[in-house]
Amino acid sequence: MEEGYTSLPASHLLGSVPAVIAEDKTTSVASEAASSANLHLFPPSNGGYRAPGTPSGADEQTTSSWQGVFSISSYSSYFNVDTDVVVERIISSVYPMNDFYRKIDGNPDLYGPIWISATLMFMLAALGNVGTYVMEKRNDSSTTWTFDVNYVEWSACAIFGYVLAVPAAFYFLLQYFGFRTSLVRLWCMWGYSLFIFMPICMLLVVPVELFRWIIIILAGTASSWFIAMNLKACTQSSDLMILIVGAMVLQFALALFIKMFFFP
Amino acid sequence: MSHGDTIPLHPSSQSDIDEIENLINADVHSATVLPARPPSPPRVSIPISHSPSPLPPYQKVTPSASPPPVVPAVPAAAAAPAGSSRIGISSDAFGSSPDTLTEPVWDTVKRDLARIVSNLKLVVFPNPYREDPGRALRDWDLWGPFFFIVFLGLTLSWSASAKKSEVFAVAFAILAAGAIILTLNVLLLGGHIIFFQSLSLLGYCLFPLAIGALICMLEGNVIIKIVVVSVTLAWSCWAAYPFMSAAVNPRRKALALYPVFLMYISVAFFIIAID
């Protein structure tokens, strides 16, 4: 990441790190040593790659703060993962263990949430149609196959809306209660929590109503537990039980919505 | 085609005024009169004044892009977004004779069609250049992808028995937005591709699926549909694979390829599932 140092006009400030941190505290939370400074800010406020902890002059920050939103290279830091890292995070999201948050703490990625949501959206639309057809065929053997295109639109709105809006709402709530968290980490966590619904979709095609309900309740519980464990690790306290319970309820509600709308 | 850097530029503007008068006064097909003039393309000779407005707009491109190796890319970049008018805006603007403004529309269309066919042959069919992705679509264009996306959307819409306009909207949105998002995905993963070249490639790789959709529209049996769509899906993925996998770090190859396969598989499912 040496190019970050040489490309900044304020690189003369390299020698005076403590002074710059004091100057910088209004703009970025550089206090957490384990994380890159720019990963706390979303949208990114610099025009390009910056080495972690690299100070930028306060005037440079204000003048170029909006340009970072439109430059692709400033978002690259959120996609700095390899295939094996993504696979490992997915596996650890299925087994509800506590260490998912520690895994993403240093390098939260947005690749997982985006593509898990997109895959889930397509699977819900496709398998929802298949499941609905199979169920109707079981009840009334003269039904013919119809493909309801609205499933695509509903699944897109539901999944992407959930993954975008709920972590943002929790980010603001946590800020209100005084916890400094990072929006990117919350998005990452909620995105990976949806992975468990992908194999569940495939199981929900089976047209036995009781089986469907058992499956979705199990999945909802596992996913809610995952969210609760990681929110607890994120906030590092249990004073906010009401928020954590709220998150669990929302996740369970999503699971029920998936069952009732796409696999009636 | 001749280019201005080998011939001394003509400093006077009188030759251009004569040129303009010739164009205005002469018949449309009398472009054959013009070769009597010195072979240097007069457009390159006025780096100082851009005032002659009757000359076609691509004149503005020429003074700024003098390095010859960039010749094929720049006019294509200027030509591709100008989808509104097909007359006169062609990729051979550089150093070509003034015919491109006065040529028949059929010549322009023929040239664009020839480019689409040649790009298609490079991308979708086996050829010796497949292993070199930079070479594969050097002469990219966006007409081919546009045709294939609209054709696929229309075919799916015709196949649908209900909500035809919604089917077209969903298909078009998924394909168009999907191509852009896939390209952004590769760029964000630290890959090295050219944005429009990648859009062009992803559009051309839809050609097998478009054929599959056409066959499925004409054929009603589900088993045949599944077989046909599976074959064309495999063909599309095979066409897109070398380009995408060469664009990123090998450790992230699967991350870049998975969304491409996801998009093609969902379009394939859409083709099979439309009743």
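Me: Why is B:Arg111 called partly exposed?
Reply: Happy to start there! B:Arg111 has a relative accessible area of 22%; buried means under 20%, exposed over 50% and partly exposed in between, with a 1.4 Å probe and protein chains only, so B:Arg111 counts as partly exposed. This is a predicted model, where local features need pLDDT of at least 70, side-chain atom pairs count only at pLDDT 80 or more, and totals for chains, interfaces and linings use all residues. Residues are numbered from 1 along each chain as its sequence is written, chains are lettered from A and ligands numbered from 1 in the order in which they are written, and side-chain values use heavy atoms, leaving out hydrogens and water.

Me: What makes B:Glu103 and B:Arg111 a salt bridge?
Reply: Their side chains meet at 2.8 Å, N to O. The term asks for a side-chain nitrogen of Lys or Arg within 4 Å of a carboxyl oxygen of Asp or Glu, so the pair qualifies.

Me: Which residues does the salt-bridge network join?
Reply: A:Asp82, B:Arg251 and B:Arg252 are joined through shared partners. Within it, the closest N and O atoms of B:Arg251 and A:Asp82 are 2.7 Å apart, and that pair crosses between chains.

Me: How do you know whether B:Arg251 and A:Asp82 are buried or exposed?
Reply: B:Arg251 has a relative accessible area of 51%, so this residue is exposed. A:Asp82, at 13%, is therefore buried.

Definitions and conventions: Helices (H or I, at least four residues) and strands (E, at least two) are DSSP runs, numbered from the N terminus.
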